[in-house]
Amino acid sequence: KHIFELTNAKGIVIISQYHERDHFKMVQEAKSESLTHVFLMNNGSLERQVWSIEGMMENPLEEEYPADFLKESRVGRYDVMALTATSGTTGLSKVSEEYNYPHQFPLTNVEKCGCTRDDVIGLLCPLSGGVSIPAWITFPFVPCKLALLERWDVEAALKFIKEKGVSIAVGVPAQLIMLMDSPELKKDDLTSLRAYFSGGASLSP
């Protein structure tokens, strides 16, 4: 509720339930006066002003509008791109504005990794920040597919890379080391993988 009041947020995108926490119920209990749209992943809702992501994908409204319909509302060079909140462990969360992502960081990542529309970026640790930031803010600029591994497990990660056709994996050094040490590594067809973006800690050569 504090974040809603602080940002005057109009909409929120959430997964309805995750790790036994009911995020949709938390949003309802906040009773924000500014919040007018809730976008749910996983399952939809019949409630007013609650939208199902899956439903939007199955019924793409963009086909009914011209390609430049949202041109005037695109994020500009000096506009605020993101609001980052602190954890709130020592008091009420504070929020900082981020400006530099739209034109510098993403395009640099695209050039370094040589990202194309055929790439699949696989997030092995889909956090909202940290090592995941380059993936979150890069894939829309290509655009290319972004796949998220829900729970970390070496065998699940190898299967995830193979089945999703991940070409650029993003994770922390510990995950890379565990993958490299896995006896299953040579058994799986990982020919789609061409790069691993590591961050969050130092990594020995």
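I began with strand pairing: five bridges join β1 to strand β4 (residues 37-41), and the two run parallel. The model I am reading is a predicted one.

**Entry: the sheet**

Ile14 stands opposite Leu40 in β4.

**Entry: aromatic rings**

I searched for ring pairs. The count came to one aromatic pair. Tyr65 and Phe69 form it, with 4.7 Å centre to centre and 45° between the planes. Why did I file this pair as tilted? Planes under 30 degrees apart count as stacked and over 60 as edge-to-face, so the 45° of Tyr65 and Phe69 falls in the remaining class. I also looked up the exposure of Tyr65. At 41% relative accessibility, Tyr65 counts as partly exposed, because that class lies between 20% and 50%.

**Entry: the cavity**

How many cavities of 30 Å³ or more does the structure hold? I found one. The largest cavity has about 90 Å³ of space. Ten residues line it, and the closest to its centre are Cys113, Ile121, Pro134, Thr138 and Ile168. I then sorted the lining by element. α4 (105-113), α5 (133-138) and β10 (168-171) each supply at least two residues. Which element gives the most to the lining of the largest cavity? α5 does, with three residues.

**Entry: Ser182 and Pro183**

I finished in the loop between α7 and β11, where Ser182 lies. Pro183 sits in that loop too, between α7 (173-181) and β11 (195-198). Is Ser182 buried or exposed? Ser182 has a relative accessible area of 11%, so I logged it as buried, the cut-off being under 20%. Pro183 went down as exposed because its relative accessibility is 64%, and exposed means over 50%.

I then listed partners. Leaving aside neighbours within four places in sequence, Ser182 is in contact with Val154 and Leu158. For Pro183 I took a C-alpha to C-alpha distance: Glu155 is 9.9 Å away in space and 28 residues apart in sequence.

Definitions and conventions: Residues numbered from 1 in each chain as written. Predicted model: local features only at pLDDT ≥ 70, side-chain atom pairs only at ≥ 80, totals over all residues. Heavy atoms only, no water. Helix = DSSP H or I, 4+ residues; strand = E, 2+ residues; numbered from the N terminus. Buried < 20%, exposed > 50% of the residue type's maximum accessible area, 1.4 Å probe, protein only. Pairing = 2+ DSSP bridges. Contact = heavy atoms within 4.5 Å. Phe/Tyr/Trp six-rings, centres within 6.5 Å; stacked < 30°, edge-to-face > 60°. 1 Å grid on protein atoms, 1.4 Å probe; cavity = no way out; pocket = protein on both sides within 12 Å on 5 of 7 lines; lining within 4 Å. Points joined across faces, edges and corners; volume = space filled by probe spheres on them.
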